[in-house]
Amino acid sequence: MFALVDCNNFYASCERVFNPNLQGKPLAILSNNDGCVIARSDEVKSLGLPMGAPAFKYKQFFIDHKVHVHSSNYPLYGDMSRRVMRILERFTPDVEVYSIDEAFLKFDGFENYDLESYGHEIRKTVLKWTGIPTCVGIAPTKALSKIANKIARKFPKETGGVYIIDNELKHLKALKWTPIEKVWGIGYSLQRHLIKKKCKTAYDFVQLSDLWVRQSFSITQWKLKKDLEGVSKIEMEQIKNKRAIATTRSFETTLTSFTDIKERISTFATSCAEKLRRQNSSCHMLIVFLRSNRFKTQSKQYRASTIVSIPFPTDSTLVISTNAVRAIESIFKKGIHYKKAGVILTGIVPSNNRQLQMFDHEDPRHKPLMSTIDRLNNKYFMKKLRLANQDLKRTWKMRQAHLSPQYTTNLKDIIKVK
Amino acid sequence: MNKRNEQILEFFSPKSPRDVSEVIYFDTGISAGFPSPADDFMQQRLSLDSELVKNKEATFFARVTGQSMIDAGLNDNDLLVIDRSLSPSNNRIAVCFLDGEFTVKRLKVKKGEVWLQPENKDYKPIKVTQENDFIIWGIVTNVIKKV
């Protein structure tokens, strides 16, 4: 059996743990740079605020409905997520962290357990220890546990936040209840294709022939179909290292000078290289891109990107940053108001089995230098050690006008009690 | 803390919470010379983290403001270690959320009534009723103070 544990309105719930005054009130969380709404409490959902709503368009809406608006506080969400996942690992050795707020659990050898009450225990423990409410869906396959989770979420009173699909009747009801576009892994184009086939629910989908599904789509959709039938084909994933690492940002204001752009690119490259080293990988290709503000249609539009290949796999900030800056030089054009840029690393290989090169190789001094930089930057807040082409004064790169304190990751920010 | 105690404390070298996974590295080499006789007796360094934090996932910190708990040793600006996994019971010191703000008090449960008992004779106990907006947020396990 599998379970999907999903945190309810995770970002909003994190804020509420440390600010219980927000309990029961409409709460919206904004994306990086306070651009658009990326998380909503139930109260604000029922007011009709859509996901992804641009904050500037809804200013009046927020005032009219007394919506509490917060900037995203990733240090807090990241820490709370880690706590939740660690707690889940106490309930089974098989946990796949699927995203910041959801995880699959596999129960092998739990035949003598009453999994429904086990689910309630999981929910209760996470809630008590962290303050984060969750829903638990339990079923014979991963795809069905997703559906069971949706049922638990939709009917909190009837289910108490836990739903188990453990007989054929529940299985059929669940499939018929689930519209095709809500099935896990059914993308938009697939959905259109299936609706043409008069396939409106998960139930309709499993009625299609295996052969047709395999021929029209791919092995992935066939596995999904089997999973929905109750035959487990989608396995637990091991933690995979990322195959591409990106740091891309919209600037707070448009930038025109090459010096400014160069600084940003160097900072993005540095941040990518740090992520790369954190997963013990190296890369031998990088992509940089640059573009103007596509919403300001009256000003001159420009977008460009370029790929650089590095002759040897590297995880050195120096090599990556130098190459990124050289690449941006080649695509930079004067007289454009730039709004967004990014660095993407690809061609990623594990650092410990890099291929030896006959002629090109990295300066061997980089490796100890990088580990020293990482150690010092971890020790001191806000990345004190930087490359000289990075802006040393810049300490906070995001617009976060409504940021809550870092309650769990900074001693200066912990809650105060009278 | 008196002078003698401070001197005793100097012999300990607690490690920072960051490197909890750190183990002692036996760096005496294998070549010439007599091996250190202490190697066989190496033990983990003392960790304040593992002493103060029994349940990492459920542990949070808070800062005391005010004087209401001074007789229990909780002074202004002290650091509280809070374990949310512990169950509230009579006489435990708890961080509660009461009518819009966090407060730390001793829990008194008698005859079905819940009281928040300050530890300072200038403060009055608070009776918690249905009308209050009340959450027991976590149980205080340790107080850390600068001296």
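Chain A has 15 helices and 13 strands. Here helices (H or I, at least four residues) and strands (E, at least two) are DSSP runs, numbered from the N terminus. This is a predicted model, where local features need pLDDT of at least 70, side-chain atom pairs count only at pLDDT 80 or more, and totals for chains, interfaces and linings use all residues. Residues are numbered from 1 along each chain as its sequence is written, chains are lettered from A and ligands numbered from 1 in the order in which they are written, and side-chain values use heavy atoms, with hydrogens and water left out.

On overall size, the C-alpha atoms of chain A fill a box of roughly 65 × 60 × 45 Å along the principal axes.

Now to the two chains together. 29 residues of chain B are in contact (heavy atoms within 4.5 Å) with 23 residues of chain A. Between them the chains bury about 2,300 Å², 56% of it on carbon and sulfur atoms. Buried area means the accessible area (1.4 Å probe) that two parts lose on being put together, summed over both. In chain B, Glu57(B), Arg84(B) and Phe102(B) lose the most area to chain A, together 29% of what that side buries.

How many salt bridges does the rule find across this interface? There are 2, a salt bridge being a side-chain nitrogen of Lys or Arg within 4 Å of a carboxyl oxygen of Asp or Glu. Arg90(A) forms a salt bridge with Glu57(B), and the closest N and O atoms are 3.2 Å apart. On the side of chain B that touches chain A, β1(B) gives the most, with 6 residues.

Ile415(A) has Ala62(B) as its bridge partner, and Lys416(A) stands opposite Arg63(B). Within chain B, β1(B) pairs with strand β2 (residues 79-83) in the antiparallel sense over 5 bridges, with Thr59(B) opposite Asp83(B).

Terms used:
Two strands pair if DSSP finds at least two bridges between them.
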